[in-house]
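Please take the points in order, with the viewer open.

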Amino acid sequence: MPPPIKKPAASALAPDERPTTARPTRPGEHDIPPEPQPGFVLAARRQAFWRQPVVRAVLLLLIGLAGLGLAVQIVVHERDRIAAIDARARPWLMALCRPLQCTLAPQRQIADVVIDSSSFNKGRGDSYQLALTVKSRAAIPLAMPAVELTLTDIQDQPVLRRVLLPVDLSAPAELAAHGEWSATLPVIVTTGGARVTGYRLLAFYP
């Protein structure tokens with residue numbers, strides 16, 4: 001009988017030769033977090049940033065543009081008063097208003113406008129003659145006001161009211177500083193038979 005065949009013994013693996021399963025590492029897992037910088041260091045860096053010539057130049061430019069924009073807004077808002085105070089500024093204001101699509105208008109200060117004298121006389125038929133003088137107490141030119149004519153009866157009750165605009169009065173658009181304007185114009189009145197015994201005049205801005 002043939003001798004039995006011996007199987008080779010399995011070779012034992014050395015401890016350092018045994019297979020191991022490598023665990024993947026995450027990014028930054030073994031990174032050391034940076035130490036926080038002291039507050040005085042951050043403050044010094046901020047001060048150094050704002051002291052840079054380029055940064056200061058940009059800040060000055062922005063401040064200048066903001067100031068210029070504010071000045072333009074004030075001038076546009078007060079353009080009528082500026083033009084009334086100094087007539088030499090009118091061409092500059094008109095040039096400024098051209099791209100902004102704004103206009104120049106006379107000042108409206110109705111407290112400085114008075115009807116100094118007036119008369120209302122009957123003519124033929126329904127025709128009357130209205131004469132009035134408007135004065136300005138202001139030191140600057142003012143817009144010519146409209147005039148409200150109220151006719152009253154014997155009991156001083158209104159019979160008819162009529163608004164006369166400057167164009168109806170053939171008046172100029174402006175009333176000169178401390179100036180006056182006078183006119184006489186015909187007025188046709190139809191009261192439906194009511195008798196007119198008095199009148200009142202009121203200057204106002206529509």
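1. Let's start with a pair of strands. Strand E2 (residues 127-136) lies antiparallel to E7, and the two are joined over 9 bridges. To find the pairing on screen, pick Tyr 128: its bridge partner in E7 is Val 187. Please keep in mind that this is a predicted model.

2. As background, strands of a sheet pair through backbone hydrogen bonds, in either a parallel or an antiparallel way.

3. Now zoom in on one residue of the sheet. Thr 133 sits in strand E2. Is Thr 133 buried or exposed? Thr 133 is buried, because its relative accessible area is 12%, and the cut-off for buried is under 20%. Leaving out residues up to four places away in sequence, Thr 133 touches Val 114, Ile 115, Asp 116 and Ser 117, along with Glu 180, Trp 181 and Ser 182.

4. Stepping back, here is the overall plan. The protein has 4 helices and 8 strands, and along the sequence the pattern reads α-α-α-α-β-β-β-β-β-β-β-β. Of the 206 residues, 24% are buried. The protein exposes about 15,700 Å², and carbon and sulfur atoms supply 60% of that area. Among contacts with a separation of 6 or more, 65% join residues 24 or more positions apart.

5. The helices bring us to the surface. A nonpolar patch there is formed by Trp 50, Val 54, Val 58, Leu 59, Leu 61, Leu 62 and Leu 65, with about 690 Å² of accessible area together. Which helix gives the most to this patch? Helix H2 (residues 53-77) does, with 6 residues. Trp 50, in turn, belongs to helix H1 (residues 39-50). With 46% relative accessibility, Trp 50 counts as partly exposed.

6. Glu 148 is found in strand E4 and is partly exposed, with a relative accessible area of 23%. Glu 148 and Arg 200 are 52 residues apart in sequence, yet their C-alpha atoms are 8.0 Å apart in space. Apart from neighbours within four places in sequence, the contacts of Glu 148 are Arg 161, Arg 162, Val 163, Arg 200, Leu 201, Leu 202 and Phe 204.

7. Finally, two loop residues deserve a check of the backbone. Most residues other than glycine have a negative phi. Gln 101, which is not a glycine, has a positive phi near 55 degrees. Gln 101 lies in the loop between helix H4 (90-100) and strand E1 (113-122), and at 75% relative accessibility Gln 101 counts as exposed. Asp 156 also has a positive phi, of about 65 degrees, although Asp 156 is not a glycine. The loop that holds Asp 156 runs between strand E4 (146-152) and strand E5 (158-164). With a relative accessible area of 46%, Asp 156 is partly exposed.

Definitions and conventions:
Residues are numbered from 1 along each chain as its sequence is written. This is a predicted model: local features need pLDDT of at least 70, side-chain atom pairs count only at pLDDT 80 or more; totals for chains, interfaces and linings use all residues. Side-chain values use heavy atoms; hydrogens and water are left out. Buried means under 20% relative accessible area, exposed over 50%, partly exposed in between (1.4 Å probe, protein chains only). Two strands pair if DSSP finds at least two bridges between them. Patches are made of residues with over 30% relative accessible area and no salt bridge: like charges are joined within 9 Å, nonpolar side chains (Val, Leu, Ile, Met, Phe, Trp, Tyr) within 5 Å. Accessible areas come from the Shrake-Rupley method with a 1.4 Å probe; for residues, only the protein chains shown count as cover. A salt bridge is a side-chain nitrogen of Lys or Arg within 4 Å of a carboxyl oxygen of Asp or Glu. Contact means heavy atoms within 4.5 Å.
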